[in-house]
Amino acid sequence: MSTVPTRIELPRPIAPLTYLAPIGLAKGIRVLIKVRGGQTWGAVLGIDENPPEVKLKPIESVLDPFPLLPPGLLSLLDFAATYYGCGLAHLMALCIPNAVQADWGLVLPDGRRLSDLRDSGDWMALSEIGDSWHRGKIDLPTLLHRRNLRGAGLTEVRLTGAQHPLKITQTQAKVLNSLKSSGGVKLESDLLRETTVSNSVLAGLERHGLIERTKRVDLLSQKREDLLHRQVTLNEEQCKVMSSVDLCHFGTHMLFGVTGSGKTEIYLELAERVMTTGKRVLWLVPEIGLTPRLLARLEARFPGKVAVGHAGLNTTEKQADVVRLLMNSAQLFVGVRSAVLAPLRDIGLIVVDEEQESSYKSDEHPRINARDMAIKRAQIEDCPVVLGSATPSLESWYAATTGRYKLHRLTQRPAGSNLPMVQVVDLRECYRQARKRVLFSPILLHSMEDVLARGEQSMILLNRRGFENFWFCMACGRTLDCPNCDISLTYHKGAWRLRCHLCGHESVPPEICPNCSAQHLRGAGEGTEQVEDLLQNYFPGAKILRLDRDTTSRRGTLEAALLAAEHGEVDILVGTQMLAKGHTFPKLTLVGVLNADLGLRISDFRSAERTFHLLTQVAGRAGRVEKPGRVILQTYCPEHPAIVHAVAQNFEGFTESELPYRKAFSYPPFASLVLFRSEGDDVVSARKPLEELRHRLGEFPGIKILGPLSAPISRVKNRYWQQLIIKSQNRAELSRILQEISLERASLVQMDRDPMNFGV
Ligand code: ADP
Ligand code: ZN
């Protein structure tokens, strides 16, 4: 069989390699190769026109008969690879688990096997089969292995819709009929009980591709009483939005409206219209564990058609998910960031809920931003994308108000309920009156007392976990810092440990100062653990629930705790910002923010924006259902625009005060940023590659270079971190420059395009 030098890319940060591969392999096909004694998979990029002049090794085998990822998704990956400076294979690894492999034994309708075509080198024919499969022209129900997809948990059995052969056994027919009678889906346990067949019957049907078994770990299986679908009649505003979204063509729509203004109803309605045309819907949410209500609404509206991508899935579960999507059995896929790369075909609508959330941006390589990729994907699929938010990111807002996106406003709250009353407490004033630092102002404590007496809930937020933020010695002034990192250790009283929140270093709190041996160690900077302690003292009878990363690190604990709180089993909720999002607590009528300006002290050009978002979101938690709510914001700088506008719940006011700063200092949305990071054993070695980079970048006009500088936390786990930032007002030009300097993949410098996080 004839072979050609072919560029193969590994899912690792190294340059593509050249191997001999059969002629005609399409880009995106996975092959197995030997590298330094080991075997690994790589993605075919194409023929190498200038192969290195050495004896080339042949590939071991071809894994896929044709690219398994839909063509639209492959184009998206291509774009993302260039834009974020990573490899195609690296991105493919996020879309399709290793273990998902095609079955070469598959018999085609004309009687040939896939392996026959492979063995005769007819990659052209295979490629055409792949095309037809992706376009839904032919059905290949047994293409993908579904073996080993079982484990603990609920297993669901579905009809695949494949035609069954003429001869099936009576027991097999019994199973198929039972499934048919319940809409094609059933829990395995129910099915086995009803039909009294043995497990091997199911296994047989599965081998023939007539049924599939998937494990349901998603939250949809937690059926809840309020799951029944209520059809609402859209109001005039909502109808106007519906009629101005063109479902047949690409367009970026910004849906701007406060929480409760009916955005989700619009997404649902749009999704329904798209699904009736046979197309599919991709629905992105910032965090799945915080949205059980949304999942319940989706499942109620579209029973059996929804699949959930859960970040916490294990490999088998992920694999099952991907197989389901590739086999077209879900019409609506809802998931977090990585779902934007889900192998869903024929997309007719993409929804990005809470588009401003920073969790859409990956903080590890490849550092994609799912919101931006959603827009690109919609463009490739030629379908609308809807970005929704009560507090859009300034980037999106700017695009929406300057006409790049289409802006739709929702100004009412169809289900009633008023925005809560927000009150500011000036902590400087409290200090003057009490002559000491105040954590709980008298007005906050009194309000909490009232709320408790009425049997309602209050929520207290402080964006800092642990008991005390740091310890220091009053004799020598030193703080107790992490030996490996450039930050102080946090005191956790319950665990009786000083902990580093970056590297996890732990030590028993010393009695005396390790520096001067004085017995004058003191803690400062209250965290949520201390707040819980203090509240328990103030309100001894109250049931208090603390939610932060220390109390919810185990999978599922957060969801369970939030459910308990939702059902009113808790009097006071204490926590970090994770409490601000997603949930509705019917009995919650008071929200207290202990230190509203904590986030403003972080030196990041987005700190005002983040503070504004957080505070408005927090305020939205209070009094969402029956009772009017109240919010108390304690702050040392009540005159800061982020706080002033959050108090007034005035997003546009905030943008008007913030955008001029962004413009004056050339920050997004007025400029595009790239952050380069590099690490080393010491400052000098960390800085060196960035200095070289700076030198090369100096040749290009029109960009601003800052650095190299120490990262905000300059040492983590004994590695030193340096940064270089470039700014440009021309995104396309910036892409060109980045292509031209084309960083070595294995380089010590990491590139972060459109960075959201300037830490490490
Ligand atoms: P958002 O997504 O903006 O927070 P939702 O779509 O969740 O808003 O709507 C908030 C509440 O109002 C929901 O309970 C929803 O069912 C209800 N709702 C939305 N639109 C209407 C409508 N036109 N008529 C009646 N109730 C509505
Ligand atoms: Zn550390």
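The model is predicted. Its zinc ion (ligand 2) is held by four cysteines: Cys-482, Cys-485, Cys-500 and Cys-503. Arg-345 is buried and has no salt bridge. The count of aromatic pairs comes to 19.

**Zinc site**

- Cys-482, Cys-485, Cys-500 and Cys-503 each coordinate the zinc ion (ligand 2) through the SG atom, at 2.3 Å.
- The angles among the four donor atoms run from 105 to 113°, and the site of the zinc ion (ligand 2) is tetrahedral.
- Along the chain, the donors of the zinc ion (ligand 2) are spaced as C-x2-C-x14-C-x2-C.

**Arg-345**

- Arg-345 sits in a loop.
- Arg-345 is buried, yet it forms no salt bridge.
- The nearest side chain of opposite charge belongs to Asp-139, 7.5 Å away.
- A salt bridge needs a side-chain nitrogen of Lys or Arg within 4 Å of a carboxyl oxygen of Asp or Glu.
- Arg-345 does have a polar partner: its side chain contacts the side chain of His-134 at 3.1 Å.

**Aromatic pairs**

- The model has 19 aromatic pairs.
- One of them joins Phe-79 and Tyr-83: the ring centres are 5.7 Å apart and the planes are at 20°, so the pair is stacked.
- The cut-off for stacked is planes under 30 degrees apart.
- Phe-79 and Tyr-83 both belong to helix H1 (residues 71-84). They are four residues apart there, which means a separation of about one helical turn.
- Phe-79 has 30% relative accessibility, so it counts as partly exposed.
- Tyr-83 has 10% relative accessibility, so it counts as buried.
- The cut-off for buried is under 20% relative accessible area.
- Elsewhere, ring pairs link Phe-256, Trp-397, Phe-612, Phe-651 and Phe-654 into a cluster.

**Tyr-267**

- Tyr-267 lies in helix H9 (residues 263-276).
- Its relative accessibility is 0%, so Tyr-267 counts as buried.
- Tyr-267 and Val-386 are 119 residues apart along the chain, and their C-alpha atoms are separated by 7.9 Å.

Key: Residues numbered from 1 in each chain as written. Chains lettered and ligands numbered in written order. Predicted model: local features only at pLDDT ≥ 70, side-chain atom pairs only at ≥ 80, totals over all residues. Heavy atoms only, no water. Donors = N, O, S within 2.8 Å, 3.2 Å for Na, K, Ca; no water. Tetrahedral: all angles 85-135°; square planar, octahedral: opposite > 155°, others 65-115°. Helix = DSSP H or I, 4+ residues; strand = E, 2+ residues; numbered from the N terminus. Buried < 20%, exposed > 50% of the residue type's maximum accessible area, 1.4 Å probe, protein only. Lys, Arg positive; Asp, Glu negative; His and termini not counted. Polar contact = N/O pair within 3.5 Å; in protein donor to acceptor, adjacent residues only side chain to side chain. Phe/Tyr/Trp six-rings, centres within 6.5 Å; stacked < 30°, edge-to-face > 60°.
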